[in-house]
Amino acid sequence: MRVLVAGATGAVGRQLVPRLEAAGHEVVGISRRGPRPVDVLDAEAVRRAVAEAAPDAVVHQLTDLGGADGAANDRVRVEGTRNLVDAAREAGVRRIVAQSISWAYAPGDAPADESVPLDPTEEPPRSRIVAGVRALESAVAELPEAVVLRYGILYGPGTWYAPGGAVAAALAGDPGARFLGSTAADGSVGSFVHVADAAEAAVRALEWPPGAYNVVDDEPAPGHAWLPVLAEALGVPAPVGRILM
């Protein structure tokens, strides 16, 4: 299969491209930086890139997280996804696999499965985040064979949770550390997924039935359980309840 990977140089994309090639797929990668630079907010540039690639399937791993700017990332989810879907449709692509997130569900007393609706909150900044997720998932669903991967919190190489990353800096007391998340050791439950596992799921999703899938670990844990363990693994002080958004 000829696969276009949008976001090929990101934390998941770097893990994904070699896995697709190892599975026998022909891969064309685009990203804001790299050998095929494309600004996903430029609809015409995206249209040209997808038309030239003439892919059988598109894998959407687009984010804008380098500056820990939530609004910028939301714009990629909304406008970038819109441009990518429009270009894919024009090129005759039927199958798309798209990165989403697993923490946009409505609150509950137990871990959410895919039947739980997205959070209807009107409270910012969460309302903005969920609106971006809803726009992304709605747009990709316009293609006949759309698979949405609702990833847990990504950890591993190239993420904020890697050794020497932003979370380690925040826990060490660096006031300039920037990431979108929490270092509060409280009762909030989170699910993680390693970037290698996230990439492997994207490879397999090329053959999955259309729909949304949670791609997370099987041991969700509260912050007071996993944050001290993470701090010890990173060799930094235990968390003191600081929250960064």
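Six strands line up in an open sheet with the order β2-β1-β3-β4-β5-β10, and the pairing is parallel. Strands here are DSSP runs of E with at least two residues, helices are runs of H or I with at least four, and both are numbered from the N terminus; two strands pair if DSSP finds at least two bridges between them. The edges are β2 (26-30) and β10 (211-215), each pairing on one side only. On average, neighbouring strands of this sheet are turned by 20° against each other, direction ignored. The model is a predicted one, where local features need pLDDT of at least 70 and side-chain atom pairs count only at pLDDT 80 or more, while totals for chains, interfaces and linings use all residues. Residues are numbered from 1 along each chain as its sequence is written, and side-chain values use heavy atoms, with hydrogens and water left out.

Zooming in on one pair of strands, β4 (residues 95-101) and β5 (residues 145-151) run parallel and are joined by 7 bridges. One of the links goes from R95 to its bridge partner in β5, E145.

Helix α3 (residues 70-90) lies across β1 (2-6), β3 (57-60) and β4, and runs at about 175° to β3. Helix α4 (residues 126-140) lies across β3, β4 and β5, this time at about 170° to β4. Contact here means heavy atoms within 4.5 Å. Axes are lines fitted to C-alpha atoms, for helices over the stretch in contact, and angles run from 0 to 180 degrees between N-to-C directions.

Next come the charged pairs. Side chains of opposite charge can pair when their charged atoms come close. The structure holds 18 salt bridges (a side-chain nitrogen of Lys or Arg within 4 Å of a carboxyl oxygen of Asp or Glu). Among them is R19 with E200, whose closest N and O atoms are 3.8 Å apart. R19 sits in helix α1 (residues 11-22) and E200 in helix α6 (residues 195-205), so this pair ties together parts that are 181 residues apart in sequence.

Grid points are joined across faces, edges and corners, and a volume is the space filled by probe spheres set on the points. The whole structure has 2 cavities of 30 Å³ or more. The largest cavity has a volume of about 50 Å³, and its lining includes N73, R77, Q99 and L136. Strand β4 gives the largest share of that lining, 3 residues.

Helix α7 (residues 223-234) gives the most to its lining, with 3 residues.

Most residues other than glycine have a negative phi, and most peptide bonds are trans. The peptide bond from P124 to P125 is cis, with omega near 0°, and P125 is in the loop between β4 and α4. A54, in the loop between α2 (43-53) and β3, has a positive phi near 45°.

Methods. 1 Å grid on protein atoms, 1.4 Å probe; cavity = no way out; pocket = protein on both sides within 12 Å on 5 of 7 lines; lining within 4 Å.
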